[in-house]
Each structure stands twice: as C-alpha cells, then as structure tokens.
Amino acid sequence: MDVKSAVSAQEWETRVELAAAYRLMPLYGMSDLIYNHITARIPGEADRLLINPYGYLYEEITASSLITINLAGDVLLNPHKDYGVNPAGYVIHSAVHGARRDAHCVIHTHSRAGMAVSALKCGLLPLTQTAMRFASIAYHDFEGPAIDTEERERLVRDLGSRDSMILRNHGLLVTGADIPQAFNTIYWLEMACRAQVDAMACNTELNIPDPDVVAKTEHLYKPEVRRPHGILEWPAMLRMLNRRDPSYRT
C-alpha cells in the first residue's frame, strides 16, 4: 500500500516525525520490546491518531507503517495484514487525546528508571536541576493493566493540565503540543529518574534544595519563560537519524 499517496502532505509530515520519535526511543534506552506507544494527532483531525503496529520493534517503525485510529478505537487505515493495535495503548492514549486538545503527542514508557521511581513512595524528588522541571508532576495510582476504558476518566483527572505524570508501579506518561516537545519532555523526565535511582543507590543522605529554589527552577523551565522544549534540539536529532538510518522516512 502506498500510504504517502493516500494521505495529506500534513499527515505525511507528522508520520515522518512520529517515526523519527520511535527510532530515537531505543537509542536513548526508552523502548520496551514491542510494547508502549507514542501517538500523534493527525493535523486538522481532532479525533484521528497515529499509533504503532502491535508487533513492531521501535527501530522498525517507518512513516508508512503507522496505523490510523480514531478516539473510539476504530482502525481507519492499517497497511498491515498481520498487525493491529494494542488495546492498552488505545485506552491510555485515547483518554489523554480526547480530554486534552492541546495534547497533540502522547508518550508512555516502561523504562527501567521510570518504573523504579514509579514504585517509590516518595515519587520523583527534586534532587537535580533536571528533576526540578517536574516539581509539579502528576501521579496516577495503579489499577492493573490499562484495558479498562473506565480508567480513562481517572487518568485524565489525575493528569489535569500538566504535561507529565508518573503512573505508580507502572511507568511514565507525557504530553506535548507537538512531537519534538513531547520527546524532549520524556527524555528529561527519564534522565531525572535515572539520576534519582543512581543517587539513592549510593546509600547516603540526599541533599534536597530549599523549596523556594525548587519553585524558582521549575518556573524558569516553563516554556513560556524560556522557549518551547525540544524545538531547538529536534533538527539536530533528525540529522543524527538521517546519518544512521534514514529508512524511518519511508
């Protein structure tokens, strides 16, 4: 199937960027075999999303391999005969996309450090400058594998208007106004979790900055104070992918 000729130019551009995000995840240690998802809303289509085929490694994803679904979970375009959509991905991602019109990209991970911090009663601590960006991060209690559509209401409630959430005993979830911004958020949230796990493994007293310093740092990280996260880095990351393997663009 020639997907590029079957979709709009705007959708194809989104497919290329989304495929790039998938390829970047394993390079930074944030993939989980064939599981987890990055979804993106198709431009101009409030209820149509792009999602990965259930059975592909992230490093296999291309622009034309992505599946189109709607918020109800119906498959609208699938270039595959043998692969469909993971229901758990639909439940989590459709909940956020449906409730947050500003969430054009949603990323969910089961990274080692993310799962470790999600299992800590203290959650994410403001131990580093990077972690202070997420001082107001949301939390959602574990309810079992995300296959119950009734959980969507509670997911949305707990996320609120924030762009990042720790799914307790589960993993990490972030949103973004576009794919570059969402990728930047999950990258730095992952780095904050890794730094915390490393520091706590030292088995010594942790130094936590003054709350006023934490609040100031969090404020300075806000995109309206500096610049949208990830926009500056994204072209360089695409150049790196193009040097390594440009097949994600096909």
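Me: How many cavities of 30 Å³ or more does the structure hold?
Reply: Keep in mind that this is a predicted model. A cavity here is a space where a 1.4 Å probe fits but cannot get out. Counting those of 30 Å³ or more, the structure holds one.

Me: What volume does the largest cavity have, and how many charged residues are in its lining?
Reply: The volume comes to about 50 Å³. Residues lining this cavity include I92, F142, E151 and R168. Sorted by class, the lining has five nonpolar and three polar residues, and the charged ones number four.

Me: Which elements give two or more residues to the lining of the largest pocket?
Reply: That pocket has a volume of about 500 Å³. Its lining is made of 22 residues, and S161, R162, D163, P223 and H229 lie nearest the centre. The elements giving two or more residues are β8 (171–176), α7 (179–201) and α8 (211–221).

Me: And by class, how many nonpolar residues does the lining of the largest pocket have?
Reply: Let's go through the classes. Polar residues number eight and charged residues also number eight. That leaves the nonpolar class, with six.

Me: How many disulfides does a search of the whole structure find?
Reply: Take C193, which is buried at 0% relative accessibility. The closest cysteine sulfur to that of C193 is in C122, 11 Å away, so a bond is ruled out by distance. Across the whole structure, the number of disulfides found is zero.

Note on methods. Residues are numbered from 1 along each chain as its sequence is written. This is a predicted model: local features need pLDDT of at least 70, side-chain atom pairs count only at pLDDT 80 or more; totals for chains, interfaces and linings use all residues. Side-chain values use heavy atoms; hydrogens and water are left out. On a 1 Å grid over the protein atoms alone, a cavity is a set of points where a 1.4 Å probe fits but cannot get out, and a pocket is an open set with protein on both sides within 12 Å along at least five of seven lines; lining residues have an atom within 4 Å of a point. Grid points are joined across faces, edges and corners, and a volume is the space filled by probe spheres set on the points. Ala, Val, Leu, Ile, Met, Phe, Trp, Tyr, Cys and Pro count as nonpolar, Asp, Glu, Lys and Arg as charged, and the others, Gly among them, as polar. Helices (H or I, at least four residues) and strands (E, at least two) are DSSP runs, numbered from the N terminus. A disulfide is a pair of cysteine sulfur atoms within 2.5 Å. Buried means under 20% relative accessible area, exposed over 50%, partly exposed in between (1.4 Å probe, protein chains only).
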